[in-house]
Amino acid sequence: MSDASPDAPPASLTVIAIDGPAGSGKSTIGRRLAGDLGLEYLDTGAMYRGVTFAALRRGIDPADTDVVARLARQVELDVTNGVVVVDGVDASIEIRGPEVTRAVSMVAANAEVRTELVRRQREWAIERGGGVLEGRDIGSVVFPNAVLKVYLTAAPETRAARRSQEVMDLSYETVAADLARRDALDQGREASPLEQAEGAVVIDTTDRSIDEIVAELAGMVPG
Ligand code: CDP
């Protein structure tokens, strides 16, 4: 999919786009790759989670499209350095919790929310001359002219096992069911569905080490 929007970002930035479903390794690989290349890293999922957190905290129904869109335009979000601050409140723990995880797909399907967050993501990268951005639509919509586009995959059981190691208080079955539900919503939605961007390098992370994948990707970045 190409970006036909008039405010498409300049091609001169060193942007690396990493997309893929939950548990495919985006965050671990994205952070490591950014460190190796001396670039900053942006977890765009944390931004969708941050808007969802702000809505729930104010008692806003995530299904209320217009109110959530207005909130997205107003909310203060800072997702740098692994700490997620939403309207001045450290929400790093809560944004990964079950309430936000349950509601985030609905917020992410809101086209106006996406327009606002994509605008902020482009601004973030333009201010820095580039960066490693990770999400669902980075290579397809946010930066279709990224210098490197990566689509990570892994077997559903592997992704669920990785995620259930991170969230200790939920069973493997609960985590696996949640991932399958979110995969279906993310792939089936109308606004910027999760898909392999044109020209993306596809890597299956099921049986490969992080070191090996990071080295391979670093070697693909034009010098
Ligand atoms: O970490 P995990 O893969 O569980 O999800 P995340 O990256 O934190 O993203 C949470 C949700 O935000 C996803 O399930 C998507 O619905 C949405 N998202 C999106 O629509 N577009 C992005 N660029 C990033 C996340």
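Predicted model: local features only at pLDDT ≥ 70, side-chain atom pairs only at ≥ 80, totals over all residues.

Visitor: What makes residues 130-135 a strand, strand 6?
Guide: Strands are DSSP runs of E with at least two residues, and helices are runs of H or I with at least four, numbered from the N terminus. Residues 130-135 are such a run, strand 6.

Visitor: How do you know that strand 1 and strand 6 pair?
Guide: Two strands pair if DSSP finds at least two bridges between them. Strand 1 (residues 14-19) and strand 6 have 6 bridges, in the parallel sense. So the pair meets the rule. Val15 stands opposite Gly131 in strand 6.

Visitor: And what makes strand 2 a partner of strand 6?
Guide: Their 3 bridges, again in the parallel sense. Leu42 stands opposite Leu133.

Visitor: Which sheet do these strands form, and in what order?
Guide: An open sheet of 5 strands, in the order 2-6-1-7-8, with parallel pairing. Strand 2 (41-43) and strand 8 (201-204) are the edge strands, each pairing on one side only. Neighbouring strands are turned by 20 degrees against each other on average, direction ignored.

Visitor: How do you know that helix 5 packs on the sheet?
Guide: Contact means heavy atoms within 4.5 Å. Helix 5 (residues 111-128) touches strand 1, strand 2 and strand 6. Its direction makes about 155 degrees with that of strand 6. Axes are lines fitted to C-alpha atoms, for helices over the stretch in contact, and angles run from 0 to 180 degrees between N-to-C directions.

Visitor: What makes a nonpolar core, and which residues have the most contacts inside the largest one?
Guide: A nonpolar core is a set of buried Ala, Val, Leu, Ile, Met, Phe, Trp, Tyr and Cys residues joined through side-chain atoms within 4.5 Å. The largest has 36 residues, and Val51, Val86, Leu133 and Phe143 have the most contacts inside it. Helix 2 (44-57) gives the most, with 7 residues. Apart from it lies another core, of 15 residues, including Ile16 and Ile213.

Visitor: Why do you say that the buried residues of helix 9 line one face?
Guide: Helix 9 (residues 210-220) has Ile213, Val214 and Leu217 buried. Seen down the helix axis, they fall within an arc of 95 degrees, so they line one face. The arc is that of the directions from the helix axis to the C-beta atoms. Ala215 and Gly219, on the other side, are exposed. Helix 1 (26-37), strand 7 and strand 8 are among what covers the buried residues.

Visitor: What makes strand 3 and strand 5 edges of their sheet?
Guide: That open sheet has 3 strands in the order 3-4-5, with antiparallel pairing. Strand 3 (77-78) and strand 5 (89-90) each have a single partner strand, so one side of each is left without a neighbour in the sheet.

Definitions and conventions
Residues numbered from 1 in each chain as written. Heavy atoms only, no water. Buried < 20%, exposed > 50% of the residue type's maximum accessible area, 1.4 Å probe, protein only.
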